[in-house]
Each structure stands twice: as structure tokens, then as C-alpha cells.
Amino acid sequence: MSAVVVIGTQWGDEGKGKIVDYLAEKADVVVRYAGGSNAGHTVVVEGKEFKLHLLPSGILYPGKTCVVGNGVVVDPEILLQEIHRMQQEGIDTSSLLISNRAHVIMPYHRLLDALDEENRGEHKIGTTKRGIGPCYMDKNARIGIRMVDLLDAEEFSSKLARNLKEKNQLLQAVYGVEGFDYDTVRQEYLTYAEELRPYVTDTAAALHQAIGNGHKVLFEGAQATLLDLDHGTYPYVTSSHPIAGGACIGAGIGPSKIDKVIGVVKAYSTRVGEGPFPTELLDATGDHIRERGHEYGTTTGRPRRCGWLDACVVKYAGQLSGIDYMAITRLDILDELASIKLCVGYRYQGKLLNEMPASLKVLAQVEPVYEELPGWQQDISGIRKYEDLPPNAKRYLERLSEVTNIDLGIVSVGPGREQTIIMKTIF
Ligand code: IMP
């Protein structure tokens, strides 16, 4: 048995794509279990750039089974665009499996996402406007449309009619905008259904079989711990469960089947969207990190907020997901800094906090307790062995490991597949 979950430990954009891409080469099956096209990562294969939002990155390797699990919300238009792009590039998509229980993003979800954000004014969440929240709202309200419904024209038509009646009323009465035409939406989605039909199946059953047969299964997390609906900086979160436990629900596997959890930790912090960010740098160092790290969103192009690495956040992620090893990414982005700060605690009203505060008011007011460590001020992008890293780089990583009580597993020193230092065998 070998099932590995890779999750983001911070606010997303930790570089999970590169770590997943590295591990996907060794896996037989790669699974997405949460979120939707709000996620985005760029993978470069033989000089060609692929921006993936919904397809698991294993799709870029021949012979891997790729699964879009029941916990994912699927925008059929975006998924089909990605499938077509792969086919144009000669990449085989026949091993793609889409859960028949996954919920479908409808055009009214996208519109409601945008209108709701506008309506919130200064309290906006800063969503990706991909319809993610409204689709999960319908799932929880038990009025959502699943892939299995989409494939049944009669069922789909009746669910669409019921939903459109309600959504059009809401759009017109509350937001003062025109609703959607039933026939147009129905036709559009039934066309998607026919194209997606060959891929749709009971993916949980397929995963049980794969795990039972001893196949290596990689669960590719999207978003990250502090965007988790329950455990993140609510309400500035996404509407799903990016933590490792989310893989059980979002893919339909039991916790005892998970072998290892890898937490991806960017060597500094970033966040897109609104919400508190204790170690945010609103100065030249923050700008330096943003420019050197090209910290602009893959999905929205927004500049990311940048800050020092927050070990309190990583430790919290470790506890929530039972992280076995950290995969450190983008360490090379810090190469030029003379000194680097690591946040090792939060002080609130003069007292050190022992836990991540649930109150955002408190989190917005905490004072980070920093340890200042000397930088290494040398190019580390060509280093391939841990022992060859500059002593100050090792000191930074080892201090992080001490504070979080999580072992180092992988260190990435650049975007290339070869720029990866492996300290622990994962598969
Ligand atoms: P939503 O998931 O589009 O509803 O957005 C909710 C929050 O999660 C916003 O702050 C987004 O910026 C953030 N978010 C969603 N997906 C990602 C991601 O893949 N990376 C980073 N932030 C994300």
C-alpha cells in the first residue's frame, strides 16, 4: 500500500505543482480531491508551459491514471478546454476518470460569485470568481447538480429547471440583473455531458481497487491549510477542505489507507485575496520577494501579498494534517537577502499565544515573534545535495524543522525538475 497526500501548509501557491509533478512521475494514480478551477499551477514539460486548473498534473506523464474526485467542483467548460489543449499537444487523456458524484459548476454560480463579492464591498473575500463558493453552497443545500445528473438528460433538465427558477428570482430581485435562459443553458450543458461521458465513473471504487492492487496513489491537494473552510482564516477561506483529511472525503478513501502526508512549505509566505496575514511585509523586502519570486496569481494574475515565513502556520498545518515531511520550495528566492526573519510565535496583548487564534480580530492584531537568521547571499540553484547547501541555508531550514517539529523531506532550489534535493524517499 502506498498512498501519499500532498497539501499546502500556508495560503496556497506554495509550489505544490512542482512537488506533485516530481512525485507524479513515481505514482500510478494522481487524484484531485478538493476545490475546482480556482486552483492553478504551471508545469513546464520539454520547454512547453501548461497551466492546469482542474486536471491532475499526472496527465502530463503517459500511462498515469488521473482522477477528479467527488470533492472537486467541476466547471465542464474549463475541464473540456484543458482536455482539448492536451489532445492538441498529443497528450493521451484516455486515462482520465471523473467522479460521478462531483458537483457541476453552472453559469449562475460564476455570476453569483462575482455579484456576491461586489455586494460585500469592503468585506469582500477576494475570491477567484470561478463560482466555487456558490457551487459548494448548493451542494450543502442539497440542490446541487452532480456529474451523474448531468449525464441523465431528464434528471438534468428537471434539476436545472428547479435551480434556474430560484436563481433567476434571486438574480433579478436581489441583484437586479437578468437571469439565465433555460434552453440555452440546457443545450450548452448537454453538449458538455456528451463530451465528458466517457470519463465519468465511480472514482472511489476505482481508487479502492488501485490501492488494493498495491498501486501508488498520489493525492494532489489544491489551495492550502489556512484556506480550509473549518480550520483556515474564516471567512477568508475557500469553500472546501484542502487539509489531508479532505482527501478521505473528497476521494472516498478511509484515513487508514493514507501512508504519508507531505506538507509543502514555501520558504517565505504569500497570500492572495483578503484576510489577516501576520508576517506580511509592506516594504521593499516584500517587493523584492514578489519580483524575484514572480508572485502573481496563476488563475487571476493578481499580485500576491508577500511576507516572512511563519512557523506558527506551518506547525498548525502539521497538526491538522499529520504531516510526516515538509517539502520546502523556492528557497533560492531568498538567495540575495542579508538576513531572514522566521516567525516562531505570536504575542497578543503582551502574552505569547499557544494556539492559532480562531478570532480574526485577534489574528489581525498579533505581533509576530521573530528570530533573525543570517542570509546565505549566494546562488543555490545549482545545488543538488543537502550537505552542499550553505550553512546559513541549512540553519534556516533546521530551525524551521525544530520549531514545527516536522522533518525535512524535500528541498526545492529552482523550478526545474532537476533542481530538487531529496532527503527522504516518499514513494
Ligand atoms: P474561492 O476559492 O475562489 O472562493 O476564493 C476564496 C479564497 O481562496 C480567496 O482568498 C482566494 O484568493 C483563495 N484561493 C482560492 N484558490 C486559491 C489557490 O489555488 N491559491 C491561492 N489562493 C486561492
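This report describes selected features of one predicted protein model, from its ligand site to its helices and loops.

## Basis of the model

The structure is a predicted model, in which local features need pLDDT of at least 70, side-chain atom pairs count only at pLDDT 80 or more, and totals for chains, interfaces and linings use all residues. Residues are numbered from 1 along each chain as its sequence is written, and side-chain values use heavy atoms, with hydrogens and water left out.

## The ligand and its surroundings

There are 15 residues around the ligand, and Asp-13, Asn-38, Thr-128, Thr-238 and Arg-302 come nearest. A residue is counted as near if one of its heavy atoms lies within 4 Å of the molecule or strand in question. By class, the shell holds 6 nonpolar, 7 polar and 2 charged residues. In this scheme Ala, Val, Leu, Ile, Met, Phe, Trp, Tyr, Cys and Pro are nonpolar, Asp, Glu, Lys and Arg are charged, and the others, Gly among them, are polar.

Taken alone, the ligand exposes 470 Å², and the protein buries 96% of that. Accessible areas come from the Shrake-Rupley method with a 1.4 Å probe; for residues, only the protein chains shown count as cover.

## Helix H7

Helices (H or I, at least four residues) and strands (E, at least two) are DSSP runs, numbered from the N terminus. Helix H7 comprises the 15 residues 182-196. The expected span of a helix is 1.5 Å times one less than its number of residues. For H7 this gives 21 Å, and the end C-alpha atoms are 21 Å apart, which agrees.

Which residues of H7 are buried? They are Val-185, Tyr-189, Leu-190, Tyr-192, Ala-193 and Leu-196. These residues cover an arc of only 160 degrees around the axis, which puts them on the same side of H7. The arc is that of the directions from the helix axis to the C-beta atoms. An α-helix has 3.6 residues a turn, so residues three or four places apart point the same way. Buried means under 20% relative accessible area, exposed over 50%, and partly exposed in between (1.4 Å probe, protein chains only). Thr-191, also found in H7, is partly exposed at 45% relative accessible area.

## Helix H13

H13 is followed by Asn-405, whose phi is positive, near 65 degrees.

Most residues other than glycine have a negative phi, and most peptide bonds are trans. His-294 has a positive phi of about 45 degrees although it is not a glycine. His-294 lies in the loop between helix H10 (284-292) and strand E13 (305-307), and is exposed, with a relative accessible area of 59%. Gln-349 also has a positive phi, near 50 degrees. Gln-349 is located in the loop between strand E16 (339-348) and strand E17 (351-352), and is exposed at 67%.

The peptide bond from Tyr-234 to Pro-235 is cis, with omega near 10 degrees. Pro-235 belongs to the loop between strand E10 (216-220) and helix H9 (245-251).

## Buried positions elsewhere

Thr-9 lies in the loop between strand E1 (2-8) and helix H1 (16-24). Thr-9 is buried, with a relative accessible area of 1%, and a polar atom of its side chain is 2.8 Å from the backbone oxygen of Val-264.

Gly-36, in the loop between strand E2 (29-32) and strand E3 (41-45), is buried at 0% relative accessibility. Cys-306, in strand E13, is buried with a relative accessible area of 0%.

Key:
Polar contact = N/O pair within 3.5 Å; in protein donor to acceptor, adjacent residues only side chain to side chain.
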